Amino acid sequence: MRLYYGITLLLFASLSIAVSALYTGQRGRVIHQPALPPSYPLAVRNPYLSAWMPSDRVQILPFAEPQFWAGQDLGWSVMVRVDGQTYSLMGVKDPGKGVQPAVVHSAEYTATHSMFTASAGTAMVTLDFFSPVSPSNYLRQSLPFSYLTVSVSGTSGNSVQVFSSIDGRWTGEPEGAICNFNNEGSTAMFSLEVEDATLYSESSDMATWGEAIFASRPTASSRLSFASGNGAQVRSQFVKTGWLATAGQQCKSGDIVALSHDLGFVTGDGAVTFAIGYVREMAINYLGNAYTGYYRAEYPNTYQAVTYFLEDYSDALSESLVLDRKLSTAAKSVAGQKYADIVTLSTRQAYGGIDLTIPNDTLDTSEVLAFIKELSSDGNVNTVDVIMPAFPIYWVMDPDYIRLLLEPMMRYLAAGRWHKPYVIHDMGSHYPNALGHDDQQAEPMPIEECGNLMVLTLAYVRATGDEAWAAQYFDILRGYADYLVENGIDIAEQLSSNDAAGPLANETNLAIKAAVGLKAFGELTGLTEYSNIAEARADLFFAQGLGTDEQKTHFVLQYPDKPSSWKTPYNLYPDVLLSLGTFPKEVHQMSSAFFKSVRAEYGVPLDSRQDWAKSDWNMWLAGTLDNSTRSEFVDDLWAFMTNGKHNWPFSDRYIASSAKGNTPGVPVLCRARPTVGGHFALLALEGPKSLQVRLPALEESSSLSEQGSQQVLGEERQEL
């Protein structure tokens, strides 16, 4: 895959040069707002609906294909026909005769939208890729679809038609893809699937047992046509007539499915919306039982579900505008525009690793569970140390997700199927099979996961007031708290969350986690003996100096005899967020001074052994530091995000320093991981639910017409 990916990048680089030369004098550089991201999220809803446009392809967007998060190209094209002349807008690699590339002017993103503007002759066209983020609305959040709205403006009585298509690459196995078509109502829906696919199977992280969905419905001012077949032939139909054949829908390997809107003669503005998605009726295998998307309780039929999704566009758009503005405003007030740029880019990615599910047999909405994939590494299910770094975004947007993600594990632990004295690392070796580890062979991170569970449980209870949920697992939690008591000082060699760094004995940051975890358990249960032990541990490691260098300038990587070593003590963050007071404020003053001294080209590496940084943990640590040092951490992450050296979906691991001879500012291994929810650590200090958007708050906004909503979105883009 890496060789193929490299060749593809070279081809696109060559094409970019050719296109730029062709249009010299007609086009300038694309303007990226509010900043240049590595990659733009297009359709990002869950681990298997995750399409992105690398930012280095935006200049040649009319020819450029989007990518799945793991790097595979996806066939998704968009064209517009104005007064008989067809222009390619995105993804038309081989345009053929009669097609001109539009001129791309700008690319923008908000928390929920990615927008590209281009001129097609005298018309201006906007492609608005909109993936709703609505965690408190389980129906909307669970729908496995995303919107593309194509808006045409600046016309004065022009004839306008809009075309879009996808191909079998969305199925993960394009060679075996077949298509079906349904237009029993006003919605026209294509589905692409792998024939005789194996349940719960993947191909290079893409699901192969579901259906790729592409749909649209006519507007009050458009007529809809559709076709499937050979790509060149279908596009040629549109180029010649602006209309697609509407009978005998069938396709074979390599074919496309296409939808076209004829808006007629447009004076002013016109817009049409498409839905794209990936449906898995049996979405998750939880302990041998199939779980499906929450939305299927209301819409068990895919055609009904995508029809509702299209009908819900106006309300979903209105909600997104509220969230986009609220998030941007809050982030700027907390840590400035650069911080706002970071968290807005992180939002869709953070929720794009999650499936919100209910039992497939009963469709009982009282049994909702959430599952999260450890993207870009081994694909584990509900990894505790993935939930942990991501939880700041749940804290501010909907803390119930902490419970929803922990509950599958807590039920498993309560059933007694995990026999080790410490918390299990994950609920399955590879998504979507959440089968636990009855063989007791999960990756061992004893202190890490025990401390994580204590903090996450207290955070959920503090944010929601739901003490009953935690109370039912009291005996389990107390057992793990006792493990921290017994093993939190003389720590055997073991892994922390950063397993790429290898195992260590007596790692100070793990000792900090154990102490904070014990304080969290004491606060949760009222058992002051655990809180007292936690405070004594904090005194041991800081006041008595077991975990610091002799001058108390920093925490060391390992104790007691590694005085020159250090590690980012991000495990102090929950102590600050939850106001536990385990460690005194002098600790944070110490760290604020020290981390200015080890700052590299792109910030602070994970520890003194590494040249790479973890963006989530660095934002956690920043939440414990003074404003000056905190700003440096924000500046450095923003510099990495915008440096133009890489085109992956936001990587949370990257080279921060050239000290070891590597190129700083480039990512390492990790892409599209939901752990970027940790970037919300500074916002989380504003309090739980501070960014929660609930439907009652949308009464005024949801009354906007679709045209009015588009106008507001345009105004929002101008503000950016």
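**Reading the terms**

Author: Of the 720 residues of the protein chain, 64% count as buried. This is a predicted model, in which local features need pLDDT of at least 70 and side-chain atom pairs count only at pLDDT 80 or more, while totals for chains, interfaces and linings use all residues. Residues are numbered from 1 along each chain as its sequence is written, and side-chain values use heavy atoms, with hydrogens and water left out.

Reader: Why is Arg673 called buried?

Author: Buried means under 20% relative accessible area, exposed over 50%, and partly exposed in between (1.4 Å probe, protein chains only). Arg673 has a relative accessible area of 9%, so the word buried applies.

Reader: What does Arg673 touch?

Author: Contact means heavy atoms within 4.5 Å. Leaving aside residues up to four places away in sequence, the residues that Arg673 touches include Gln349, Glu374, Phe650 and Asp652.

Reader: What makes Lys373 and Glu202 a salt bridge?

Author: The term asks for a side-chain nitrogen of Lys or Arg within 4 Å of a carboxyl oxygen of Asp or Glu. For Lys373 and Glu202 the N to O distance is 2.9 Å, so the pair qualifies. The two residues are 171 residues apart and link distant parts of the chain.

Reader: Are these two residues buried or exposed?

Author: Lys373 is buried, at 0% relative accessible area, whereas Glu202, at 23%, is partly exposed.

Reader: How do you know that Glu281 and Arg296 form a salt bridge?

Author: Their closest N and O atoms are 3.8 Å apart, and the cut-off is 4 Å, so this pair counts too. Glu281 is partly exposed, with a relative accessible area of 46%, while Arg296 is buried at 8%. In the whole structure, a search finds 29 salt bridges.

Reader: Why are strand 3 and strand 4 said to pair?

Author: Strands here are DSSP runs (E, at least two residues), as helices are (H or I, at least four residues), numbered from the N terminus. Two strands pair if DSSP finds at least two bridges between them. Strand 3 (residues 49-54) and strand 4 have two bridges, in the antiparallel sense, so they meet the rule.

Reader: How do you know that the radius of gyration agrees with a compact globule?

Author: The radius is taken over C-alpha atoms, and the globule rule is 2.2 Å times the number of residues to the power 0.38. With 720 residues, a compact globule would have a radius near 27 Å; the protein chain has 26 Å, which agrees.
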